[in-house]
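These are my notebook entries on one protein structure.

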Amino acid sequence: MKFITEDDLRALHRKEALTDFDVTKDMKLTPGARQFLNDRRITILIDGVPSEHAESSSSTYFQASTAEKPAVAAVESAETEPDWKKKRLRSELKSIANTFLLIACELQGRDIELSQSVVALEREVAAMQTILDEDAQLQDLEFEECNGITKENFSSPLEDCFEITPEHMRPPNGKEILLLNKLRCAMHMLEASVLELYGTRLDENNFCVRVNQIRNVLSQMICTALGGTECQRKE
């Protein structure tokens, strides 16, 4: 017997939008999987027959037998665990988006263009909620290539181009650099939470792609604030 979980369905739905899902005799839907289908009004078929018609003859189809209950309980336990992780990630997103706004506000009196750029990134952070809630596909961020960040690696988890040290407090715009680095650090921490929720399935994880892109844009902004015309990336 194969248990179909919410994660299984999300992966399928991400590849191609489901309009129906056929539950064969060797499958069982977990509660989370069934809720996923119901929330998106995806028709549940039982051996090719819509479940509302098949239910009378298969009323126990979604109910585990006594022998199956331990296995079902284990699957349900594993399935409910990501719920709190997702809730925490949602809260972190809101907190980080607010941090972007606070820093943009602080930058207003120092560098209005930089402040507006941070506000633009805040919108991108806020839009990530749609990935979390709806598996939405977001378009790649716009950016200008530099020596260290190109179209080929823009969506990758690049290391910081260089370390921010106390020396960076000395330039007149040292505070701007430190504030931007604070946002970049927040994106590093967000990546850890994303990996905790989704594991290492980076190939199908829109979330990590967007985190990487925002972080890499921040690296470019830090480099520009330093007046750097020469790339300091060591890779």
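I began with a term: a crossing is left-handed if the near helix is turned anticlockwise from the far one by less than a right angle, and right-handed if clockwise. I noted that this is a predicted model, in which local features need pLDDT of at least 70 and side-chain atom pairs count only at pLDDT 80 or more, while totals for chains, interfaces and linings use all residues. Residues are numbered from 1 along each chain as its sequence is written, and side-chain values use heavy atoms, with hydrogens and water left out.

**Entry 1: overall make-up.** I found seven helices and five strands in the protein; helices (H or I, at least four residues) and strands (E, at least two) are DSSP runs, numbered from the N terminus. Along the sequence, their pattern reads β-α-β-β-α-β-β-α-α-α-α-α. Of the 235 residues, 43% are buried, that is, under 20% relative accessible area with a 1.4 Å probe, protein chains only.

**Entry 2: helix 6 and helix 7.** I looked up helix 6 (residues 174-198) against helix 7 (residues 206-225) and found an angle of about 165 degrees, with the axes 9 Å apart. Axes are lines fitted to C-alpha atoms, for helices over the stretch in contact, and angles run from 0 to 180 degrees between N-to-C directions. The two helices are therefore roughly antiparallel, a label for angles over 145 degrees. Helix 6 passes helix 7 in a left-handed crossing. The residues of this contact divide into 16 nonpolar, four polar and three charged. Nonpolar covers Ala, Val, Leu, Ile, Met, Phe, Trp, Tyr, Cys and Pro; charged covers Asp, Glu, Lys and Arg; the others, Gly among them, are polar.

**Entry 3: the cores.** Which residues touch the most other members of the largest nonpolar core? I found F100, M187, L190, F207, I214 and L218, in a core of 40 residues. Such a core is a set of buried Ala, Val, Leu, Ile, Met, Phe, Trp, Tyr and Cys residues joined through side-chain atoms within 4.5 Å. Helix 4 (69-107), helix 5 (112-134), helix 6 and helix 7 each give two or more residues to this core, and helix 6 supplies the largest share, ten residues. Apart from it lies another core of twelve residues, including L18 and V23.

**Entry 4: one residue.** Not counting residues up to four places away in sequence, L218 touches F100, L121, L180, L183, R184 and M187, contact meaning heavy atoms within 4.5 Å.

Key: Parallel < 35°, antiparallel > 145°, perpendicular 65-115°, else oblique. Buried < 20%, exposed > 50% of the residue type's maximum accessible area, 1.4 Å probe, protein only.
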